[in-house]
Amino acid sequence: MKDIFKWQKYVTNELFIKKALSLKLSLEEFLMLTYFDNDYNKYLNIDDLSKNLGISTDKAYETFTNLLSKKIIDIKTEKDIEGRMIEKVSLDNFYQEVLEQEKEIEKTEIKSDIYTEFENEFARPITSMEYEIINAWLDNNYSEELIKGALKEAVYNGAKTLRYIDKILYEWDKLGFKTMNDVNNHMVKKTSGKKEDSELFDYNWLDDEES
């Protein structure tokens with residue numbers, strides 16, 4: 001069984017409220033969800049819900065059922081310290097949705113930033129085709145750091161084309177590089193320390209062969 005704190009510890013109050021509001025919950029649903037978020041035991045007891053939220057038992061049951069049907073909460077069974085099976089309320093589904101939503105927002109922000117950097121380096125707006133190519137790199141799990149590093153190398157060598165950058169990224173991926181630190185370490189190793197780190201972009205990656 002999943003630890004009920006697995007997702008919760010990553011979800012701040014701000015993220016929690018933002019996601020809850022986006023679901024357009026009723027007041028009772030919002031209060032109940034907040035109650036479960038702060039109730040670390042999360043034992044299922046409709047009478048307790050009714051008493052703690054100040055609503056009728058019928059309303060508590062209706063609200064609970066609504067959250068359940070919307071898959072915002074879930075019911076899981078586990079054994080207590082005496083070996084008895086008990087039902088507990090899980091918010092894992094909700095926490096996962098919060099984090100996935102934030103990841104998508106972060107991706108959008110990264111894309112926006114990286115497109116701007118390309119336009120600054122190229123001194124012109126990028127074309128729709130260039131936009132799609134950059135987007136494909138990100139979708140293919142090339143890190144923002146590596147893409148920016150390849151862009152800087154292209155600019156340094158006067159080759160401001162995505163074709164050149166794509167070749168560099170391909171070579172780096174083939175060598176298993178995940179960060180620019182990997183790139184720099186490889187360059188230092190291949191040149192036997194004859195060049196300083198600041199001369200990273202003098203290295204010809206397209207002619208590089210793994211020893």
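The model is predicted, so local features need pLDDT of at least 70 and side-chain atom pairs count only at pLDDT 80 or more, while totals for chains, interfaces and linings use all residues. Residues are numbered from 1 along each chain as its sequence is written, and side-chain values use heavy atoms, with hydrogens and water left out.

**View 1. The protein has 9 helices and 2 strands.** Helices (H or I, at least four residues) and strands (E, at least two) are DSSP runs, numbered from the N terminus. Along the sequence the pattern reads α-α-α-α-β-β-α-α-α-α-α. Of the 211 residues, 38% are buried (buried: under 20% relative accessible area; exposed: over 50%; partly exposed: in between; 1.4 Å probe, protein chains only).

**View 2. Helix 3 (residues 46-53) packs on helix 4 (residues 57-69) at an angle of about 105 degrees, with the axes 8 Å apart.** That puts helix 3 roughly perpendicular to helix 4 (under 35 degrees is roughly parallel, over 145 roughly antiparallel, 65 to 115 roughly perpendicular, the rest oblique). Axes here are lines fitted to C-alpha atoms, for helices over the stretch in contact, and angles run from 0 to 180 degrees between N-to-C directions. Helix 3 brings Ile 46, Asp 47, Leu 49 and Ser 50 to the contact, and helix 4 brings Thr 57, Ala 60, Tyr 61 and Phe 64.

**View 3. Helix 3 has a buried side and an exposed one.** Ile 46, Leu 49, Ser 50 and Leu 53 are the buried residues. Looking down the axis of helix 3, they fall within an arc of 100 degrees, so they line one face of the helix (the arc is that of the directions from the helix axis to the C-beta atoms). Helix 2 (27-38) and helix 4 are among what covers them. Over on the other side, Asp 47 and Lys 51 are exposed.

**View 4. Here are the two ends of helix 3.** Just after the helix comes Gly 54, with a positive phi of about 70 degrees.

**View 5. Lys 76 sits in strand 1 (residues 74-79).** This lysine is buried, at a relative accessible area of 19%.

How values were computed
Contact means heavy atoms within 4.5 Å. A polar contact is a pair of N or O atoms within 3.5 Å; within protein, one must be able to donate a hydrogen and the other to accept it, and residues adjacent in sequence count only if both atoms are side-chain atoms.
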